[in-house]
Amino acid sequence: MRAVYKKELGQYFRSMIGYVYVTIFLFLSGYYFVVGNLLAGNGDIRNYFSSIITVVMFLLPMLTMRSFAEERKMRTEQLLMASPVSSAGIVIGKYLAVLSVFAFGLLFTLLYVLILMLFGQFDIWVILGNYVGMFVAASAFIAIGMLLSVLTENQMVAGVITYCTLLCLWLIGYAGTYLTSDFAKTLVSYLSLSNRFNEFAMGICSLSGMVYYSSIAGFFLFATTVLLEKRRMG
C-alpha cells in the first residue's frame, strides 16, 4: 500500500495535475476570501467555507478521474494487477494519495484563518468544525469519485459523472421541502451530503456527521475494492 501511495502521489505532481489542482484551488479560495471577507468587511469564516466546499466539489473530480481510468487507458492496469499488493491496498493507497493532495491545498487556507483571527471574529469551535467538516466531506467525495473512475477508462467521462453525482447528492436535500411523504423526506435527508456539513459549518463537530461521511467513504471504497478484485480475478 505504501508503494502505491508514493507512486500515486508522485505522479500527481510529475504530471502537473497536482499543481494545477492546488493552483486553481488557491486562486478560487483566495478570491472568495478577498471578496467575501476582506472587501466586504466580513469576519465570519462560515461564509468563506460555505463557498469553498463547492469549489472542492468541483475540483476533486480532477484528481479522482485518473485514479483507475488512466491505468486502463494507458494499459498499465495489468502491471498493477500483477503486483503483490492486495486490491484493498491498491485502492487505499490511491485514496490516501488523493486525500493528501487535497489536504496540501487546504493547509494553505490556514493563512486566511490567521488573518481573520487578527482582524475579525474568532471562534475556535466554528473554525475547527468547518475544517473537520471539510475534511470528512472531501473524504466521501474522493471515495465516490474513485468508484466512478474504476468503471470507465475515459478520464473525462469519469470526471464529469463524478461532478454531476456529487452535485446531485449535494442539492438533493433542498428537494425535501417540496415532498409530502415522510419516508421520501427521510430518504432525501439521508442521501443529502449538504445537510451534515451545515452542522460542521455552525461549529458543531457532530459525531453522527463524521460517522455519516466516513460510512459513505468506507462503502464506496469497499465497492471499488470488490470491482477491482473481480477484474483482477477475471
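# Close-up views of the predicted model

**View A. Asparagine 154 caps the N-terminal end of helix H9.** A side-chain oxygen of asparagine 154 lies 3.0 Å from the backbone nitrogen of methionine 156. The model is a predicted one, in which local features need pLDDT of at least 70 and side-chain atom pairs count only at pLDDT 80 or more, while totals for chains, interfaces and linings use all residues. Residues are numbered from 1 along each chain as its sequence is written, and side-chain values use heavy atoms, with hydrogens and water left out. The backbone nitrogen of asparagine 154 is itself 3.1 Å from a polar atom of the threonine 152 side chain. Such a polar contact is a pair of N or O atoms within 3.5 Å; within protein, one must be able to donate a hydrogen and the other to accept it, and residues adjacent in sequence count only if both atoms are side-chain atoms. Threonine 152 belongs to the loop between H8 and H9. Its relative accessible area is 18%, so threonine 152 is buried (buried means under 20% relative accessible area, exposed over 50%, partly exposed in between; 1.4 Å probe, protein chains only).

**View B. Helix H9 covers residues 155–171.** Helices (H or I, at least four residues) and strands (E, at least two) are DSSP runs, numbered from the N terminus. Gln155, Ala158, Gly159, Thr162, Leu166 and Trp170 are the buried residues of H9. They line one face of the helix, because seen down its axis they fall within an arc of 95 degrees, taken from the directions from the helix axis to the C-beta atoms. Met156 and Cys168 are exposed residues on the face of H9 turned away from its buried side.

**View C. Lys7, Glu8, Arg66 and Lys94 are linked in a network of salt bridges.** A salt bridge is a side-chain nitrogen of Lys or Arg within 4 Å of a carboxyl oxygen of Asp or Glu, and the structure holds 3 of them. Lysine 7 pairs with glutamate 8, their closest N and O atoms being 3.3 Å apart. Lysine 7 is partly exposed at 34% relative accessibility, whereas glutamate 8 is buried at 1%. In the bridge from arginine 66 to glutamate 8, the closest N and O atoms are 3.2 Å apart. This pair links distant parts of the chain, 58 residues apart: arginine 66 is in the loop between helix H3 (45–64) and helix H4 (69–73), and glutamate 8 is in helix H1 (residues 2–14). Arginine 66 and glutamate 8 are both buried. Lysine 94 bridges to glutamate 8 with the closest N and O atoms at 2.8 Å. Here helix H6 (residues 87–107), which holds lysine 94, is linked to helix H1 by residues 86 apart in the chain. Lysine 94 is buried, at 1% relative accessibility.

**View D. Arginine 66 and lysine 94 also sit over aromatic rings.** The charged end of arginine 66 is 4.7 Å from the centre of the tyrosine 12 ring. Lysine 94 lies over the face of phenylalanine 68, 5.1 Å from the ring centre. A charge sits over a ring if NZ of Lys or CZ of Arg is within 6 Å of the ring centre and within 35 degrees of the ring normal.

**View E. Phe33, Tyr48, Phe49, Tyr112 and Tyr131 form one aromatic cluster.** Rings of Phe, Tyr and Trp (its six-membered ring) pair if their centres lie within 6.5 Å; planes under 30 degrees apart count as stacked, over 60 as edge-to-face and the rest as tilted. The structure holds 18 aromatic pairs. One of them, tyrosine 48 with phenylalanine 49, is edge-to-face at 5.3 Å centre to centre, with 75 degrees between the planes. Phenylalanine 49 is also paired with tyrosine 131, with centres 5.0 Å apart and planes at 75 degrees, so this pair is edge-to-face. Phenylalanine 49 lies in helix H3 and tyrosine 131 in helix H8 (residues 124–150), so the pair ties together parts that are 82 residues apart in sequence. Tyrosine 48 and phenylalanine 49 are buried, and tyrosine 131 is buried too.

**View F. Alanine 175 lies in the loop between H9 and helix H10 (182–191).** Alanine 175 is partly exposed, with 32% relative accessibility. Its C-alpha atom is separated by 34 Å from that of leucine 38, 137 residues apart along the chain.

Definitions and conventions. The expected span of a helix is 1.5 Å times one less than its number of residues.
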